[in-house]
Amino acid sequence: MTTFTDLGLSPKVLDAVEAAGYTIPTPIQAGAIPHALQRKDVLGIAQTGTGKTASFVLPMLTLLEQGRARARMPRTLILEPTRELAAQVEENFVKYGKNHRLNVALLIGGVSFDDQLRKLERGADVLIATPGRLLDHFERGKLLLSAVDILVIDEADRMLDMGFIPDIERICKLIPFTRQTLFFSATMPPEITKLTEQFLHSPVRIEVAKAATTAKTVEQKLVKSGKKDWEKRAILRDLIRAEADGLKNAIIFCNRKKDVSELFRSLVKHEFDAGALHGDMDQRARTTMLANFKDNKLKILVASDVAARGLDIPDVSHVFNFDVPIHSEDYVHRIGRTGRAGRSGKAFTIVTQADAKYLAAIEKLIGEDITWHDGDLSTLPVSSEPDEAPRRGRGGRDKPAPKRRRNEGRERERPQSEIDIIAAAEKAKEIEVEPLDDQPVIRTADKPNKVAIKAENDQRRARPEQRSEPRRDHRRDRDDMGAAPIGFGDEIPAFMLIDTKI
Ligand code: AMP
C-alpha cells in the first residue's frame, strides 16, 4: 500500500502530514502528488471530500521550499469559486505548512482591499483568490501575475455554474505559458473539457470515482407538497417540530439564494433558532454564521449549494431539502452532511409535482427508490390556491404590474431586508441600534436568533463593493435569481425605491 513517504514529498511536509494524523494518502493524493512534484500538469477529476485539497497543497509546499517571493509578484496562484473554499484552502496551508515560513495571501470579496494589498506588498508565496477579486486587484495595477509558476484551478465545474469561465480564461492568459497547471473538477462538461484543452499541456489525468452512493446510516424520506413556497414552508415547519426530539442540528438546502433569505426570515419569524448562508452575504456574516453553526450556537442553517459546497461542516443530525436539487449529485452531497462516521442521520426532501424529473434522476444516480413519508405525489390534491402566499397591502394581483425600471429589483430588494430586520428587532425588543466604526449596526441581546439577525444586518450594511463577489453579470452565483419585495402589492412606497448609501 502506498504511504505518504512513497510520494516524494519533502521531510518538512511529511512531518506536518504526520502531525495532522494522516498516514495513507487518498486515491487522488496518491495519483496526483508524484506528477505534481515532477512539474507536470495535472487534471484531477475529483470532488470535495476526496482529499483533493492536500493533493495540490502538499506538492506546492514541497516545490515552494526553493526560492522567494517578490513584492506584488506572487509565485503561485490558486483560484477558488467561493470565499469559503478559498478560506478552507488557506487553513490547509496553515495546517500542512507549519514547518514552512511562507507568505499566504487570501484575496476574496467581502474583506478590505487594504489588508490584502499589504499582504501582496510583502510578497506572496501563495495567493489564494476568487476570480472577481483577483481581477479587481489586477485592474487596479496592484498585482503582477508574470512570476506565477504554479496555477491551481479548483472546482472548475462550480466556476462554470457561477459564470466565472470568462474570468478564468482571462487569468490563464495573464500567467506565463511556461507555468505548471493543476486543474480540478468534479465533472467534465464540454465547456470544462475545452478549457483544459486550451490551457493544460499534456496533463496527467487522474479520475476518482464520484460519490454516487448515500450512506446506509442516513434514513431518507420524501415529503409531498403543493408547489407554492408558503405550502412548502408550512410542511417544513411541521417536519422540524415533529423531529424535535432527535434534532440536534440541521441544514436546510434551497436551490436559490432568494429562497434561502426568504425561508430564513420566515423561520426566525416562527421563532426557530435559524441562520442563513448564501453567496450574497458579506464575508464577515458568512464566517460568523458558519462558526456559530459549527460551535452549536445555532441549530438550523438555511443554505444554498454554492455557499455550502465543499465546506467541512461537522456531522449534523438532519438535512432538509426545501427544494429537490436540480443536479442529482448535489443530493448525494447534501445528504452526506448527515449520517457521518457511522452515526445515524435523517434526510427529508420536500417534493412537488414539478420535481418529478429531478427526483427520477436522483433515484437513478443513487440506484434506489427513496421512501415516501406520507403518501406520494399521486395523493396530492389538485390545488386551487394562488401561486404566491396571500399578500398584504393594497393593490390586488389582478391589477397590471407597473413597468419596471432598470435595476429596480436591486433597489427594492435592499430596503425590504432592512424593513424585515427592523421589524424583527422591534419584535424582539432586545435589539439596540448603535454605531460601530463608521456604520450603524444592530447589536442583539442574548436571544436564540441573535446571530441570524446580526448576520442579515451585516449583509445589509456591507459596502457595495463588498456585497457580493460577482460584480459583472457573468460573475453571478448559480442561485442568484434576485428578489422583489413582497407585502406591498403593487403599491411600493416611494421611499422604498431610493437607493441607500451605507
Ligand atoms: P477535501 O476533499 O480536500 O475537502 O478533504 C476532505 C477531508 O479529508 C478534510 O477534512 C481533510 O482533512 C481530510 N483528509 C485529507 N487527506 C486525508 C488523508 N490522507 N487521510 C484522511 N483524511 C484526509
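Tutor: Before we look at any residue, note that helices (H or I, at least four residues) and strands (E, at least two) are DSSP runs numbered from the N terminus, and that in this scheme Gln180 belongs to strand S6.

Student: What kind of model is this, and how are its residues numbered?

Tutor: This is a predicted model, in which local features need pLDDT of at least 70 and side-chain atom pairs count only at pLDDT 80 or more, while totals for chains, interfaces and linings use all residues. Residues are numbered from 1 along each chain as its sequence is written, and side-chain values use heavy atoms, with hydrogens and water left out.

Student: Is Gln180 buried or exposed?

Tutor: Buried means under 20% relative accessible area, exposed means over 50%, and partly exposed lies in between (1.4 Å probe, protein chains only). Gln180 has a relative accessible area of 2%, so it is buried.

Student: Which residue does the side chain of Gln180 contact?

Tutor: A polar contact is a pair of N or O atoms within 3.5 Å; within protein, one must be able to donate a hydrogen and the other to accept it, and residues adjacent in sequence count only if both atoms are side-chain atoms. The side chain of Gln180 makes such a contact, of 3.0 Å, with the side chain of Arg39.

Student: Why is helix H14 described as largely enclosed?

Tutor: Helix H14 covers residues 328-335, and seven of its eight residues are buried, so the rest of the structure largely encloses it. The buried ones are Ser328, Asp330, Tyr331, Val332, His333, Arg334 and Ile335.

Student: Which residues are closest to the ligand, and how many surround it?

Tutor: A residue is near a molecule if one of its heavy atoms lies within 4 Å of it. Here 14 residues surround the ligand, and the closest are Tyr22, Gln29, Gly49, Gly51 and Thr53. A polar side-chain atom of Gln29 lies 2.8 Å from a nitrogen atom of the ligand, a polar backbone atom of Lys52 is 3.3 Å from an oxygen atom of the ligand, and an N or O atom in the side chain of Lys95 is 3.4 Å from an oxygen atom of the ligand. Taken alone, the ligand exposes 500 Å², of which the protein buries 75%; these areas come from the Shrake-Rupley method with a 1.4 Å probe.

Student: How many aromatic pairs does a search of the whole structure find?

Tutor: A pair of aromatic rings is described by the distance of the centres and the angle of the planes. Rings of Phe, Tyr and Trp (its six-membered ring) pair if their centres lie within 6.5 Å, and planes under 30 degrees apart count as stacked, over 60 as edge-to-face and the rest as tilted. The search of the whole structure finds two pairs. In the tilted pair, Phe56 and Phe184 are 5.4 Å apart centre to centre, with 45 degrees between the planes. This pair links distant parts of the chain, since Phe56 is in helix H3 (residues 52-63) and Phe184 in strand S6 (residues 180-185), 128 residues apart, and both residues are buried. In the stacked pair, Phe320 and Phe348 have centres 5.6 Å apart and planes at 15 degrees. Phe320 lies in strand S12 (residues 318-321) and Phe348 in strand S13 (residues 345-351), 28 residues apart, and each of these two is buried as well.
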